[in-house]
Every structure is written in structure tokens, then in C-alpha cells.
Amino acid sequence: MLKGVVLAGGTGSRLYPLTKITNKHLLPVYNKPMVYYPIETLVNAGIRDILLVTGGKNAGDFLRLLANGKEFGLSHVNYTYQEGEGGIAEALSMAEHFADGHRLCVVLGDNIIEGSIATAAADFARQRRGAKVL
């Protein structure tokens with residue numbers, strides 16, 4: 001079983017002043033918040049157990065926006081809070097308890113992936129060891 005992790009922290013400094021009042025992952029891209037795209041990527045690959053890692057002063061906005069994940073066909077979304085600016089490696093380390101020995105599919109919260117990763121995810125799930133990077 002694959003579990004999914006969406007990394008949606010960071011300060012969004014390169015998008016300032018847009019990020020002065022919200023997290024960049026909550027900004028709209030076309031007709032929906034940016035964070036919807038990586039969640040949809042995971043769900044479309046058959047991944048239903050998802051952890052969202054975020055931080056900063058707008059972390060609660062993710063809970064209000066995503067709630068339990070019902071809009072994506074999920075029964076539950078897990079959340080964890082990254083204090084400070086520790087970067088991707090620290091954010092990913094916060095998913096260790098969530099992984100609980102399972103393989104993880106990690107998507108950056110500001111990445112929009114065209115097409116499906118379902119085949120790559122299935123191949124990765126069958127691998128005996130190692131990683132797969134897309």
C-alpha cells in the first residue's frame with residue numbers, strides 16, 4: 001500500500017506580496033486552489049491515505065479548505081505542522097510516523113502534474129526496494 005504526502009509549507013517569499021496574507025499553496029491556479037492539484041494527482045493514482053505537511057500562520061486555512069477530504073473522495077486527511085523553515089528534508093521527516101513502514105509517494109504542494117502517475121505509482125509499489133523519482 002502506498003501512502004501520499006503533500007508538502008505545503010514554506011514562506012512563499014518569491015510570490016510576495018501575494019503571500020503576505022496567505023500560504024502560496026492556497027492561491028488559485030485557474031479555477032481551484034494550488035494544493036488541489038497534488039492531492040488530485042495522488043487520488044487519481046489510487047492513493048487514499050494522505051498526509052499534508054504545512055506550517056506558518058495560515059496552517060488552519062488548510063483544515064478549513066480541505067476538511068476531511070470528502071471533496072476528493074477521501075474519508076480522512078491527515079495533517080502535521082512544521083515549525084520554522086526547515087525545508088523539504090525536515091518536512092518529509094515529519095511524515096515518518098505517518099509512513100509507519102509503508103512506502104510513500106511525495107508530491108510538492110506547488111507542483112502541477114499533467115497526466116497520471118498511476119502507472120509509476122503501481123510500479124513503485126511492486127519494487128522490492130529503493131525509490132522512484134518522477
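This is a predicted model: local features need pLDDT of at least 70, side-chain atom pairs count only at pLDDT 80 or more; totals for chains, interfaces and linings use all residues.
Buried means under 20% relative accessible area and exposed means over 50%, with partly exposed in between (1.4 Å probe, protein chains only).

Residues are numbered from 1 along each chain as its sequence is written, and side-chain values use heavy atoms, with hydrogens and water left out.

**Salt bridges**

Side chains of opposite charge can pair when their charged atoms come close. The rule here asks for a side-chain nitrogen of Lys or Arg within 4 Å of a carboxyl oxygen of Asp or Glu.

| Pair | N to O separation |
|---|---|
| Asp110 and Lys24 | 2.8 Å |
| Arg64 and Asp61 | 2.0 Å |

Helices (H or I, at least four residues) and strands (E, at least two) are DSSP runs, numbered from the N terminus. Lys3 is buried at 7% relative accessibility, whereas Asp49 is partly exposed at 23%.

Asp110 and Lys24 form another salt bridge. Asp110 is in the loop between β6 (103-108) and α5 (118-126) and Lys24 in the loop between β1 and β2 (28-29), so this pair links parts 86 residues apart in sequence. Asp110 is partly exposed at 31%, and Lys24 counts as buried at 15%.

Arg64 and Asp61 both belong to helix α2 (residues 59-66), where they are 3 residues apart, about one turn of the helix. An α-helix has 3.6 residues a turn, so residues three or four places apart point the same way. Arg64 is exposed, with 62% relative accessible area, and Asp61 is partly exposed at 22%.

**Cores and helix α5**

A nonpolar core is a set of buried Ala, Val, Leu, Ile, Met, Phe, Trp, Tyr and Cys residues joined through side-chain atoms within 4.5 Å. The largest one has 23 residues, of which Val35, Ile39, Ile50 and Leu66 touch the most other members. β1, α1, β4, α2, β6 and α5 each supply at least two residues of this core, and α1 gives the largest share, 4 residues.

With contact taken as heavy atoms within 4.5 Å, Leu66 touches Val35, Tyr36, Ile39, Leu52, Phe72 and Tyr79, leaving out residues up to four places away in sequence. A second, separate core of 8 residues includes Val5, Val53, Ala91 and Met94.

In α5, Ala120, Ala121 and Phe124 are buried. They cover an arc of only 100° around the axis (taken from the directions from the helix axis to the C-beta atoms), which puts them on the same side of α5. The buried residues of α5 pack against β1 and β6, while Thr119 and Arg126 are exposed on the other side of the helix.

Most residues other than glycine have a negative phi, and most peptide bonds are trans. Tyr16 and Pro17 are joined by a cis peptide bond, with omega about 10°. Tyr30 has a positive phi of about 60° and is exposed at 78%.
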